[in-house]
Amino acid sequence: MIHDNQFEYDNAEPDFSDYQDEPAFAKFAEHVTLELLRGRECQGIDGLMLLIDLELAGGGYQLALEWVCGRVTEDQYRAWLDD
């Protein structure tokens, strides 16, 4: 971010943009979650382990999606976008 003077720089709002806020990230997370729920490995995550964790926690798709969003990295997301 470029500012014309010191006052603007000192009072500028910080940029808190997050890759998880991008619309395409929702599609990425959904893709990974569905693959894992099929018992397949995806993005280095073992689908069978996810299914076991879900069964133990008594969760469903929403919990799986939250778990995936917490596990995937920005690098994995960016690589998926490039494919």
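These legends go with close-up views of a predicted model. Local features need pLDDT of at least 70 and side-chain atom pairs count only at pLDDT 80 or more, while totals for chains, interfaces and linings use all residues. Residues are numbered from 1 along each chain as its sequence is written, and side-chain values use heavy atoms, with hydrogens and water left out.

**View 1. The Phe25 and Phe28 ring pair.** The structure has six aromatic pairs, where rings of Phe, Tyr and Trp (its six-membered ring) pair if their centres lie within 6.5 Å. In the pair shown here, the ring centres of Phe25 and Phe28 sit 5.9 Å apart and the planes meet at 50 degrees, so this pair goes down as tilted. For the labels, planes under 30 degrees apart count as stacked, over 60 as edge-to-face and the rest as tilted. Helices here are DSSP runs (H or I, at least four residues), numbered from the N terminus. Zoom out a bit and there is one aromatic cluster made of Tyr19, Phe25, Phe28, Tyr77 and Trp80.

**View 2. Helix H2 and its buried side.** The buried residues of H2 are Phe25, Phe28, Ala29, Val32, Thr33, Glu35 and Leu36. They take up an arc of only 165 degrees around the axis, so they end up on the same side of H2; the arc is that of the directions from the helix axis to the C-beta atoms. Over on the other side of H2, Pro23 and Lys27 are exposed. Cover for the buried residues of H2 includes helix H3 (47-57), helix H4 (61-71) and helix H5 (74-82). Just after H2, Gly39 adopts a positive phi of about 85 degrees.

View 3. Thr33 lies in helix H2 and is buried, with a relative accessible area of 0%. Not counting residues up to four places away in sequence, Thr33 touches Tyr61, Ala64, Leu65 and Val68, where contact means heavy atoms within 4.5 Å. Glu35, also in H2, is buried with a relative accessible area of 16%. Setting aside neighbours within four places in sequence, Glu35 is in contact with Arg40 and Cys42.

**View 4. H2 crossing H4.** The two helices pack at an angle of about 115 degrees, with their axes 9 Å apart. Axes are lines fitted to C-alpha atoms over the stretch in contact, and angles run from 0 to 180 degrees between N-to-C directions. From H2, the contact involves Phe25, Ala29, Glu30, Val32, Thr33, Leu34, Leu36 and Leu37, and from H4 it involves Tyr61, Ala64, Leu65, Val68 and Cys69.

**View 5. The two faces of H3.** Gly47, Leu50 and Leu54 are buried in H3. Looking down the axis of H3, its buried residues fall within an arc of 55 degrees, so they line one face of the helix. These buried residues of H3 pack against H2 and H4. The face of H3 turned away from its buried side carries Leu48, Glu55 and Leu56, which are exposed.

Methods
Buried means under 20% relative accessible area, exposed over 50%, partly exposed in between (1.4 Å probe, protein chains only).
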